[in-house]
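This briefing concerns one protein chain. The sequence and structure are shown below, followed by notes grouped by topic.

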Amino acid sequence: MEATLTDCVHHSLRHFMYRNAIFMCERLCAEFPSETNMQLLAGCFLHNNQAYAAYRILKGTQMAQSRYLFAISCFQMDLLHEAEAALCPPNEPGAEIPNGAAGHYLLGLIYRYTDRRRSAIQHFQLALSLDPLMWCAYEELCVLGAAEDASSVFGEAAVLCIQKQYLHHRSENLQTSNDDMNSASSRNSNSDDARTRQSKHTQSNNLRDIPTNYHGAVNMGGAGSQSVNGGSNISFYNTPSPVAAQLSAIAPPPLCRNTQQNGSSLNSLGADSCSRSTINSIIQAPRRKFVDEGKLRKISGRLFSDSGPRRSSRLAGEAGANTNVSAAGAANNGTTNSTKYLGSSKMNSITFRSVAVRKGQSFANENVDEGIQNEAFDDSRSNASLSISSSSPSSDNRTLEQGAPKSIGGSLTSDAKIINGASEILCLLRILGEGYRLSCLYRCQDALDVYLKLPYKHYNTGWVLSQVGKVYFELVDYLEADRAFSLARHASPHSLEGMDVYSTVLYHLKEDMKLSYLAQELISTDRLAPQSWCAMGNCYSLQKDHETALKNFQRAVQLNPRFAYAHTLCGHEYVALEDFENGIKSYQSALRVDSRHYNSWYGLGMIYLKQEKLEFSEHHFRMAFQINPRSSVVMSYLGTSLHALQRSEDAMMMMEKAILADKKNPLPMYQKANILVSLERFDEALQVLEELKEYAPRESSVYALMGNIYKRRYMHDKAMLHFGIALDLKPSAADVATIKAAIEKLLVPDEIEDNL
């Protein structure tokens with residue numbers, strides 16, 4: 001009965017029938033109340049996104065697998081200290097972390113979110129050393145800025161580690177097979193005795209013996225499950241998840257399945273490494289629906305007015321039309337990369353395949369033996385064993401031979417395939433890992449060059465194209481970023497990877513119609529994803545409806561409190577509403593999630609600059625600069641804060657660096673001209689502004705500053721001309737008042753003006 005119920009639970013889990021699995025597992029635990037069965041029940045609840053139920057069931061348990069599952073439930077409930085205590089019992093300082101690489105990865109996440117960066121890095125590195133195919137651990141190291149070169153992480157040592165895991169796994173399978181053969185032999189001899197006794201009974205006794213034969217057959221078919229109940233841990237995470245955003249904890253298909261050039265598939269490697277390599281991160285429970293569909297109207301924008309503390313971009317700089325023109329001109333200067341992919345675009349190799357990489361969407365089980373046994377005992381095997389049990393003993397042996405491992409001669413060929421397949425997979429991971437590492441270090445052009453080394457079919461997948469779009473976004477090349485994200489959407493329309501950044505790209509391009517369409521598509525795809533609500537918030541923010549935008553960003557934070565970008569976007573909206581206190585809180589919340597989120601350091605610097613807390617402002621801009629030393633925008637505002645601190649020479653040097661970092665960004669040139677005016681180097685300032693007019697011909701601030709320079713040089717005609725041009729370009733209401741005041745005082749001497 002125990003084996004039958006256990007198999008029924010696993011069968012239900014494989015077919016995503018979680019309610020049935022929970023019901024049958026409750027019957028199992030009621031009839032056979034063991035800790036192993038309680039593990040299975042807790043796993044059913046975790047599959048069904050009921051971490052609180054698993055928490056109650058496993059609280060106080062001691063087995064390694066129980067502690068791991070309890071830690072998973074605590075992590076999902078944000079009980080990080082309890083999760084840590086489950087993995088590292090305080091009364092057992094030398095206790096081994098359960099589930100190997102997956103346990104170390106989970107502990108690394110706990111340390112990261114409790115602000116213990118060094119310990120987090122240590123456990124992510126341990127996870128990678130135990131399982132070189134645990135990509136999520138390397139991804140976390142990249143986010144923390146502590147990843148080693150991908151060539152060293154996914155090198156020859158990793159191939160040997162995978163081979164060792166495979167050989168160990170195969171030896172365990174052989175031992176399991178021998179145990180099954182021995183148990184089958186004893187069952188066959190008992191069956192012979194039963195048949196001898198059965199011939200002496202009447203027909204009614206024969207009929208009464210049919211259920212006995214039935215249960216015997218089930219026990220034989222479910223031997224794998226029954227043996228696990230008596231000893232080792234339980235595995236139930238071996239069914240692929242059908243949708244990336246599904247709220248389940250089922251592991252994805254084997255990561256090590258490698259399709260070679262001859263079309264062969266190495267499934268044997270995948271079974272081991274997959275079970276050791278994946279872990280589920282936070283899966284938030286469904287919450288109240290929230291959306292406001294109105295007020296989507298088109299408005300015009302100006303260069304410096306609404307980009308100030310916004311998302312890591314030109315900030316205070318570029319009219320929408322000018323941005324399109326300058327970027328389009330750069331794109332038409334010929335292809336800068338190989339032309340083997342996409343015509344005249346800077347991006348190469350575009351085809352399609354979906355890879356959704358929202359950080360951690362499934363947690364792995366580490367019980368390889370039991371997982372393999374459950375795979376072997378599928379429905380067809382079960383039915384076959386039921387029918388064969390009533391026939392001869394030889395047929396029982398044939399049934400077992402069907403599930404036995406291959407011969408030793410065949411295993412030699414399999415070993416060679418495993419080594420070859422592992423080498424090919426790690427070669428691919430070296431390219432992907434190095435590209436991702438460089439992008440996390442904001443070495444954007446280097447990252448693009450590495451991604452171009454990918455094979456055609458891998459470059460043109462949703463995940464890679466999203467990463468390429470993010471890199472172009474950091475390079476402030478919004479047209480190419482738009483192109484990359486559009487292709488990513490076409491390749492993987494179900495994936496939400498990078499769509500929050502894509503919505504910000506459309507925000508800066510002032511593409512209100514495309515942004516509105518994207519937001520509606522994402523909401524219809526997954527209303528419980530923070531990316532969807534970030535896109536909706538950007539849509540309202542573009543319409544200057546900052547209060548509604550803030551509500552959408554807050555909804556994103558509610559769905560995933562560990563989504564740093566949503567906190568940052570909340571901070572931007574608070575600043576737009578001049579609520580600096582809450583803006584500071586939002587930026588600090590983002591930094592608690594990700595201390596290397598330079599956008600939040602920049603946002604704090606902007607608030608303190610507005611509040612004239614110049615030392616604080618300079619500190620936060622410098623922190624952002626240390627994280628992203630290639631951002632022209634960050635350098636521009638760092639130079640501005642240095643100038644406000646009367647450190648004009650340092651400010652000039654920083655502005656020169658900002659101009660060299662991005663010659664299309666007008667902000668550092670404008671700030672350089674301001675510094676030169678303060679130093680009364682008017683000729684140099686006019687020269688810079690004349691050059692700036694080529695990049696921003698419709699920016700009123702440029703002409704207003706030129707008017708002030710001519711006024712201070714007593715060239716009133718030219719001053720009046722430039723003030724008039726500035727007014728014609730429709731500046732903001734505050735700028736209009738400033739320009740009109742300057743015109744009124746045009747004929748007033750500077751000494752009198754200073755006294756007014």
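What does the accessible surface of the chain come to, and what percentage belongs to carbon and sulfur atoms? The accessible surface is about 32600 Å², and 53% of that area belongs to carbon and sulfur atoms; areas come from the Shrake-Rupley method with a 1.4 Å probe, and for residues only the protein chains shown count as cover. This is a predicted model, in which local features need pLDDT of at least 70, side-chain atom pairs count only at pLDDT 80 or more, and totals for chains, interfaces and linings use all residues. Residues are numbered from 1 along each chain as its sequence is written, and side-chain values use heavy atoms, with hydrogens and water left out.

**Overall fold**
- The chain contains 39 helices and zero strands (DSSP runs numbered from the N terminus: helices are H or I of at least four residues, strands are E of at least two).
- Of its 756 residues, 55% count as buried (buried means under 20% relative accessible area, exposed over 50%, partly exposed in between, with a 1.4 Å probe and protein chains only).
- Among contacts between residues at least 6 apart in sequence, 65% join residues at least 24 apart (a contact means heavy atoms within 4.5 Å).

- Residues 530-563 are 79% helix and 0% strand, with the end C-alpha atoms 7 Å apart.
- Residues 700-733 are likewise 79% helix and 0% strand, and their end C-alpha atoms lie 12 Å apart.

- In helix H20 (residues 444-451), the buried residues are Cys 444, Ala 447, Leu 448, Val 450 and Tyr 451.
- Viewed down the axis of H20, these buried residues fall within an arc of 160°, so they line one face of the helix (the arc is that of the directions from the helix axis to the C-beta atoms).
- Asp 650 belongs to helix H33 (residues 648-661) and is partly exposed, because its relative accessibility is 34%.
- Asp 650 and Gly 639 are 11 residues apart in sequence, and their C-alpha atoms are 7.3 Å apart in space.

**Cysteines**
- The disulfide count is zero, where a disulfide is a pair of cysteine sulfur atoms within 2.5 Å.
- Cys 570 has its closest cysteine sulfur in Cys 534, at 8.0 Å, which is too far for a bond.
- Cys 570 is buried at 4% relative accessibility, whereas Cys 427 is partly exposed at 36%.
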